[in-house]
Amino acid sequence: MGLHQKSTRTTATKDFLGVLPDGILSKIISRLTLKEAVRTSILSKSWRAIWTSHPCLLFDSASILGNKIHSKSMSCCFGEPDRQLQRLHFVEKVDHLMHQRRRGLRIDSLAIHFHLGKEFASHISEWIECAFAKGAEIIDLDLSESCSFKVDNVPLAEFERYTFSCSLLASPNVRCTLKHLRLTCCNFDSVPTPGSLASLTTAELRDVNISDQQLENFLLTCLRLENLSLLACTNLVKLKFSCPKFRLKILSIQNCPRLDSIELGPESLTTFEYTGELATFSFKYAPRLTDMYLSFTGHNRQDGVSSALSRFACDIPHLRTLNLVSVLGMKTPELPDKVLNFTNVQELILTVFPFHDEDKFDWIIYVLKTFTSLRSLQLNLFSPSYIRKSNISPRQLPECTHRHLTKLEINGFYGSPHEIELLEYLLDNLVELGVLFINPCRKIYKRFNRWDSEVASNSHKIRPEVVEWIHDNVSPTIQLHVL
């Protein structure tokens, strides 16, 4: 083979990447991580700027600095001088990448996960404005310490947070395309320009310094917002969502410690999830609320459980599904003496933590008597790993026949005597039961109908003799599933 012929073949091999259609190139790039996409610039001259067509920008410690927070190389916490050098290096690299990305096509999402504060406000705002101008639908800003460094619980001296302003997303010359906004560990400044964020449908604010008035102003800027999550927002005190202009369908509030009262609404609201201390709730502006999750914390958690099983179910006429977590057990709930009748609730999910062997079962008797239209009952039991050796005689429980409940699911069932007694009582009284699930693994509710289950192991298995007892005592007319 001659020298000219060999050179021609080598050149053709090198340049074949450059003749691929733009559509194919874009699809190839979009399937790579941002870090991998940037590396393709060395493949060919024509590929030097191809990575700028990558639609999803994720800037974090791993992709920009090569650091993995929990790797062995990060086992020692950085001192503040070293952290500041890391921040400067991170910002310099992202500035360079965003400068190149301005020449690229549309940006679908921008995620910044790094511990940055007020000092770098101009850089962060410029990145957000660039993504917004390129049509971004997702902005995800996590400026918490834990996403960049191993937290050593040492207070950071004079570290001022970045302030996010809605004005960044309200340019009169750019059509708003933002659909999802997630902010973590920053301050918040809303601009009361009604309808300026008309495309936004989902927002999550975690550890954000935002006041009641700022939140209301923000909601007025995004009148199509359907899903709102507020987590660990310490400045919220009295919340009102009853404005008829709001279009919220799903509202989640978790661990906002100063929260005193919540006026639920608007009429479009269908799902409400709450974790925190018992607050004053008003449901009169939420007539379509059908699904509710409640997990009360603090010294008045039992009062919260009592309210959920009595007043709440009565105050919400269209409530269909109630998911309730009871911490510190259900031994002594303050339930009404008068038997109520909730004909609305059709699905009840109870998490009992812990489920002790001396439990009197008053709560399950109350449930069977009160929730007369119940179709499905899920019990998530967290029994202690030990059983007290107390001489507890068999419980003398009243008959509470339930004629509508057809599905029963019990998770965290190991086969302890008090668990068997509970199951036996339910089998005697659920006369229309058609499906029974028994699972030794515990289920833990996360958010928005997502669950975590323990991984099955030898310690999470029901003893063979208990499995045999279950099969002997469950009617053959019931579909039995023992996992």
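Is Glu409 buried or exposed? Select Glu409 to start: its relative accessibility is 15%, so it counts as buried (under 20% relative accessible area; exposed is over 50%, partly exposed lies in between, with a 1.4 Å probe and protein chains only).

Before going on, note that this is a predicted model, in which local features need pLDDT of at least 70, side-chain atom pairs count only at pLDDT 80 or more, and totals for chains, interfaces and linings use all residues. Residues are numbered from 1 along each chain as its sequence is written, and side-chain values use heavy atoms, with hydrogens and water left out.

**Around Glu409**

Glu409 sits in strand S17, residues 407–411. Helices (H or I, at least four residues) and strands (E, at least two) are DSSP runs, numbered from the N terminus. Neighbours within four places in sequence aside, Glu409 is in contact (heavy atoms within 4.5 Å) with Leu377, Gln378, Leu379, Phe437 and Lys443.

**The whole chain**

Zoom out to the protein chain, which has 11 helices and 21 strands. Of its 483 residues, 48% are buried. Among contacts with a separation of 6 or more, 66% are between residues 24 or more positions apart.

**Helix H9 and its surroundings**

Select residues 362–370, helix H9. Here 7 of the 9 residues are buried, so the helix is largely enclosed by the rest of the structure. Those buried residues are Trp363, Ile364, Ile365, Tyr366, Val367, Leu368 and Thr370. They pack against helix H8 (301–315), strand S15 (347–353), strand S16 (376–381) and H10.

Step back to the loop between S15 and H9, where Pro354 is found. The peptide bond joining Phe353 and Pro354 is cis, with omega about -10°.

Next, select Asn429, which is in helix H10. Asn429 is buried, at a relative accessible area of 3%. Not counting residues up to four places away in sequence, Asn429 touches Leu368, Glu399, Cys400, Thr401 and His402. One of these, Leu368, is also among the buried residues of H9.

Now show H10 (417–429) together with H11 (464–473). They pack at an angle of about 10°, and their axes are 12 Å apart. Axes are lines fitted to C-alpha atoms, for helices over the stretch in contact, and angles run from 0 to 180 degrees between N-to-C directions. H10 and H11 are therefore roughly parallel to each other (angles under 35 degrees; over 145 is roughly antiparallel, 65 to 115 roughly perpendicular, the rest oblique). From H10, the contact is made by Ile420, Leu423, Glu424 and Leu427; from H11, by Val466, Trp469, Ile470 and Asn473. An α-helix has 3.6 residues a turn, so residues three or four places apart point the same way. The residues of this contact divide into 6 nonpolar, 1 polar and 1 charged (Ala, Val, Leu, Ile, Met, Phe, Trp, Tyr, Cys and Pro count as nonpolar, Asp, Glu, Lys and Arg as charged, and the others, Gly among them, as polar).

Move to helix H7, residues 212–221, and pick out its buried residues: Leu215, Asn217, Phe218, Leu219 and Thr221. These pack against strands S5 (180–189), S6 (202–209), S7 (227–231) and S8 (238–240).

Phe218 also belongs to the largest nonpolar core, a set of 120 residues; Phe90, Phe164, Phe218, Phe241, Ile253 and Phe272 touch the most other members. A nonpolar core is a set of buried Ala, Val, Leu, Ile, Met, Phe, Trp, Tyr and Cys residues joined through side-chain atoms within 4.5 Å. Select Ile253: leaving aside neighbours within four places in sequence, its contacts are Leu230, Leu239, Phe241, Leu259, Ile262, Phe272, Glu273, Tyr274 and Thr275.

**Cysteines and backbone details**

Cys233 is buried, at 0% relative accessibility. The closest cysteine sulfur to that of Cys233 is in Cys256, 5.0 Å away and too far for a bond. The whole structure has 0 disulfides (pairs of cysteine sulfur atoms within 2.5 Å).

Asn255 is in the loop between strand S9 (250–254) and S10. Asn255 is not a glycine, yet has a positive phi of about 50°. At 42% relative accessibility, Asn255 is partly exposed.

Finish at Pro266, in the loop between strand S10 (261–263) and strand S11 (271–276). The peptide bond from Gly265 to Pro266 is cis, with omega near -5°.
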